Structure formats: C-alpha cells, structure tokens
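Let's take a friendly walk along the backbone and stop at a few spots worth a look. Please have the viewer open beside you as you read.

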There are 2 protein chains.
Amino acid sequence: MPTPPSAKTPAKAKETGREASSGPAKGKRVGIREIASKAEVSVATVSMVLNNNPKITASTRQKVNRVVKELGYRPNRIAQSLSSKYTNIIAVLMPTLRHTMADPYFGELISGICDKAARLGHKVMLEHAKPDFVREKRHVDLFDRRYIDGVMCIGFSDKHTFLRDFADGGHLAMMVNNVATDMDLDYVVCDYASGAEQVMTYLSQLGHRKIGMIHGAPDVWTMRQMMEAFRARLVQDSGGVADGVMVDGRFTEEHGYAAACRLLDKHPDTTAIFAGNDKMALGALHCAAERGLRVPGDVSIVGSDNIQYAAFVNPALTTVNTPLYDAGMLACERLVERIRGRKEPVAEVLPTHLVLRQSTGIVRQNGVAEPAE
Amino acid sequence: MPTPPSAKTPAKAKETGREASSGPAKGKRVGIREIASKAEVSVATVSMVLNNNPKITASTRQKVNRVVKELGYRPNRIAQSLSSKYTNIIAVLMPTLRHTMADPYFGELISGICDKAARLGHKVMLEHAKPDFVREKRHVDLFDRRYIDGVMCIGFSDKHTFLRDFADGGHLAMMVNNVATDMDLDYVVCDYASGAEQVMTYLSQLGHRKIGMIHGAPDVWTMRQMMEAFRARLVQDSGGVADGVMVDGRFTEEHGYAAACRLLDKHPDTTAIFAGNDKMALGALHCAAERGLRVPGDVSIVGSDNIQYAAFVNPALTTVNTPLYDAGMLACERLVERIRGRKEPVAEVLPTHLVLRQSTGIVRQNGVAEPAE
DNA sequence: CTGAAAGCGCTTACAG
DNA sequence: CTGAAAGCGCTTACAG
C-alpha cells in the first residue's frame, strides 16, 4: 500500500457514522404493496400503471402515479428482471488488448453505444474476453445467468470463433464495425473498402506511384477490405504506373513505427504510405520525423478512422473518417430492436469519407528520398 | 438508414431460424431444484454448496458439484441478487465530456477498474452523469433500484455537488484519482502535488525562470494541487529569479493550443510551459510548431499523466507519470472491500514520477523567442 | 450437518 | 378494467 510521498496529502476523511455495508439505505424501502394500499388498488394494478399497460383507466393511473411520486417509489429492478423476460442490460464485449479502454477507437464506439443505450433505457456492462473468460464459456454465462439481454462485440477477428456460441445458443449478438465471416451475426460496419479506394484515388491524383501500406491483422474483416482495395487499385493502375508493398503494423503506434522503418529501408523510393489506422499512421509520422524526412515533402502519409489526435499531430494527419460514434449508436439501436422482437437480421454499412489535412501532398520530383534541410 | 456506397458490401446475413427474441435459450433452463433432486438433497443444500458455506460436508459437496457439472448448471444471477444483499455490479460514473470514453485518461482508469473488478467477480456498468440524469436523481436510483453495490466516480470536480447524495443516502462511492472537497467520500488519487513539484524542480535545474502554466478548471482538486505547487515554487524561487503566468487550457488539445498561443503572445520571453495534462501539452506543442518555435530549443514543454500518445508525438513529450491504471485497480479493490464490510474510509495516494523525453532542454541563451531556422 | 418453508419484490395469466 | 394468486429462482433463518 503506497504512502503519501508528498507533504500535501489530502486531509484524512473522517470515520463516518453511516453504516457502510449494512445494505440498501436506511429504513424500509417503499415497495409496490405500500403503493397499492395507499392508492387503494391491487399490486397488479400498480405494476400495470408502471409498465404503461393501456388497459388501465386514466383516473386510476393518475391516482397511482400520485402516490408513486409522493412516496418516491422506485421499482426494484432486480425483482422486475426476475419476473419479466428482460434485464435491460446489454454488454459490450471486447478483446483484452493493452488497456483497451484507453484506445480512442474503442472509445468512440463505446461512447456511441452508451449514449444510445441510455436514451433507450438500457444499461451497459463492460466485459473483456480474456482467455480464461472464453475457456470457461463465461461469455455464454452472460446470457445463461441472466446478466444481459444482448451483447455488442467490438474489436474481434475471424479467429475469435467463440463468437459462434452466441448464435448457437440463440443469443442476441451484434458485431460493431466489423463483420464475422461465416458466423451469421448481425453487424453495423463502416465502409472501409470505399475509404481505402478514396485514399488510393487521392494519392494517385497527387501523382504517387510508389505507395506502401501498413496494415493490421488480415483476419480482421474490415482490414481485409482495405487491403483488398489497396491491391485492387494497384492492379488497376498497373502497366507499370503503380507499385506497392504491404507491411504489418499490428494496429499500434509502436509496430506502425517499426513497419514504416522497414518499408522505407527496403523501398526508399516510396513516396506515400497508407496506414490502416491512425495509430499506425502516427507511428509512421514518428519514423519519418526521426529520419529527417519531411511530411508531405518527402513522403505523404494517410491514416484511417480520424481519431481525435489525428488533427493534433504535426503535420495534421490526412485520414479516412469512419463514423465510429454513429456506428456505435446505430448498432445499439438495432440490437435493442432485436431484443424487442425484430426478426430480420441487421446488416448495415455506414459511408466513409476522406479528410484532407497536412500530411499529404503532390509527389516529390526526384524519385529518391533524401534528408530534409 | 445508410445504404452501401461501395460494391464490396458484405453478403447479407441469412434470415436465421432461431427465435431471436423468444427469451432465454432453448428448452427449459436447469434450475436449482433439478440439481437438488438429482443429487438427492434439498435446494437449501445446493445453494449452500454453491456459496461455499463451510457447514456442508465434503461428501455432499462433492455429490452436488458433480451434478452441477453434469447438468451444466449456472445459477440465475437475478434470482441470487433478489435473495441476497448484493448485485455484484459496480458502476463507473463519469461526466459527459465529448466522447468521454475515447479519452485515454478515462480509459486508463476504467481499464484498471475493469480488470480488477473481473478478478474480484464483479461486473462493471458504465454511466454518464448527464444533466437530466442528475436532475432526476438517477444516480441515486442506481442504488435504490438495486442496480449496483457501489459506484466509482471519475472526472468530477467540486462543482458536482450531487455526489453528496451518495454519502447522504448511505451509499458506497469512491472518487478515483480525485478528491471531493468536503464531501466525505472515499478516494484513491495520484500525487499531483509531488508531480508538479518535480516538474518545477527539473525546469529550474535546466535554468528556466520564465515559466508558464496551462491549467484546467481549478475546481478539480488534483488540478488545484498542481497549480498550488506551481505557485508555491515560484514564490520560493523568487527574489526575481523565477516568474510565471497561468492560463486556462480547459483540459483539451484545442484550448491548450489556444492557451499556449495566448501565453506566448503576452509573454514572448517564456522559455518553458508546464501543462496540467498531456492533451493540453500536445496543444502547446502544436502551437509551437505552427510558430516555428523549436521544442525544446526555443521553448520546453512538459505535460502530465503520461498517456499513451505522449511518447509518440514530435518531439516526444516529457511528462509526469501518474499511475492511472493502478489507481483504477486499487480504487476498485478498496470499493469491493467496503462493499464486503470494511468500515474505515479509504484515502490512498499513489506516487508519481517525472518521465524525461525530448520536449525539454536547457534554457535558450537569449531571453527573447525568435523563429527557428 | 441437512430440510421444509418463508420470502426477496416484482409481473403475468386467469378470473371476475 | 381490476384483483387474487401463482410464480420467477434463488437465499436465509429456523427447526430438527
């Protein structure tokens, strides 16, 4: 247990009189029966009023609501869940990357999910798919033990075959900004293929012919979309006009940095780098800076996702805007629809667009990279 | 509803035969009574085995556990919660900043909380304290409606007086990386005062005398700690040797950028800038770059928190490492202790240390800033 | 050490 | 349109 290293330690909180762990509040919580008796109706009627059952007269409704307000009655959600079919909780399930929550990519998705869920009266529960979590089938437990009504899956790839268990068990799951190949799961995804095409068109217009790509794991469906678009464009532009190489940057700054270094070592004639996400693009930017390469003077760099930081690096990053927050919102909305009875599977694609900033420019004249200044 | 703008639209998921919304799985879920009858004991015994009640014989325990395993029995958590005093869920409550979840600061805290909670068998629920949320006292509802056993509060300031409601209602709340002045709440916080002192000592050693600070809202306790340390050091070093000014950067890159510009406009002789968090430091870095000021040649810049990006900007940022992830872990651990009966209030301070990188250097010789090159 | 019973606080058919 | 009763699936005193 760490001790205050500084003299400016906050004053010790006083021992409080309140019974810290002696359960739900002081006094007897008011329950549905008190409301019923005070309103002179049955508990069934109170319940129906609370649930906006249309069978109830406006007058009884008023009468009950008045008492509810008077006594400050708040129905016990646990009891409601036990009696009804729903918990009104959805889970957000994600892989255990290093401090996942601190990632702006996941953050945007989750922000969208949370905001929409709150509006729809649902709570959201956070869950990490650690190895033992999966091994012990605790992802299924989320449903079997009645924690949740549905689950949103973010950050997974085709390798995460345990996701099948959801469909197999008849449980409601939604892929957010990804598609699970052959798993028959609902999804809402941004149009990464189009984003990559826009990047390639733009770079081509700027005169770039020697283009490198820093990609992430290709078992991620969206990444595959980008890689295929990259390759397809190279083929299409070929006849010798375009050339490209691909290196793995594993979605992180660190590996994006290393990938960029490798790329520039092997192909010093590279004039543009397309990174599969902004973090790898930042890594590439770092590599360029370290080598004294001017961006975009010597090499143009493009990212993808348009995370918050993309606008605040030097030079500001040209990138593909993928509406992550909106994807989170829509996915949540659709999942709740499913929970409420929607039968048709969900398969939505959100448009993407290029955001031009300072990290891209027309191709340099001489074909060989040389230090700036 | 957006339509696929690209040709590469994923194949439509097939309409599935499964009953999407017809409730918990197929077939009758196995309950505690089935286990009881198959194991030839009472349900009470099964329950006690499940809860590791020491009163149960090893042999009955075995017998029951075998059946539990055989039938793959998973106790219904809702029913458990209704009967017992606990939900085994804690909430993480935070203000509604722009896409809060995408913020690395909050992300680190939440990552720590989640990881520890999972290890302790607790689920975590995410909650945003929007204006109407607070107005309708829904933060109290979290307890009154039995959603949660305790709440972790992150990102709040002294202005958020609604936090008093927790202590007033006898509910378990924990401030994470902050202290609620006069609110009598448990807390776990990093030692920001010491961090700021280390920064000032270091800058002083480098010869800096004209130091500016970009701070955030002073009603945030931790920020006040830093500001006081900054001021105290200036006074201590005075007799004309040190001078400083403070501008508000509101915790964001944008305002940090603006604040740095204002600072450098008014005080062009500033040789070092201490920003209250890394985001504002990045804004300052951006401002310097835009003006052609070399960092650290013309001006040194220091941040605080050591978020992931701090190492990947140009130049890499010197900053104070505040162990946010650890703070989240410890806060979670302590909150669960409280839930389980701990009586003493929690008041922990975690040590911080300076991380030296490229954005700081010895003071420039001439006292006036001039464009680089 | 184990069992029978009451109860947690709601909702939902089923009567009236 | 409303009420009395059963039930959701557990845990917890209370007897034995």
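In chain A of this predicted model, A:Pro315 sits in the loop that runs between strand E9 (300–305) and strand E10 (318–321). The bond that joins A:Asn314 to A:Pro315 is a cis peptide bond, and its omega is about -10 degrees.

To find B:Pro296, go to the loop between helix H12 (278–290) and strand E9 (300–305) of chain B.

Why stop at such places? Most peptide bonds are trans, and most residues other than glycine have a negative phi.

A:Asn177 is not a glycine, yet its phi is positive, near 55 degrees. Look for A:Asn177 in the chain A loop between strand E4 (173–176) and strand E5 (186–190). In chain B, B:Asp182 is another non-glycine residue with a positive phi, about 60 degrees. B:Asp182 lies in the loop that links strand E4 (173–176) and strand E5 (186–190) of chain B.

Are these two residues buried or exposed? A:Asn177 has a relative accessibility of 1%, so it counts as buried, the cut-off for that being under 20%. B:Asp182 has a relative accessible area of 67% and is therefore exposed, since that term applies over 50%.

| Residue | Phi |
|---|---|
| A:Asn177 | near 55 degrees |
| B:Asp182 | about 60 degrees |

Definitions and conventions: Residues are numbered from 1 along each chain as its sequence is written. Chains are lettered from A and ligands numbered from 1 in the order in which they are written. This is a predicted model: local features need pLDDT of at least 70, side-chain atom pairs count only at pLDDT 80 or more; totals for chains, interfaces and linings use all residues. Side-chain values use heavy atoms; hydrogens and water are left out. Helices (H or I, at least four residues) and strands (E, at least two) are DSSP runs, numbered from the N terminus. Buried means under 20% relative accessible area, exposed over 50%, partly exposed in between (1.4 Å probe, protein chains only).
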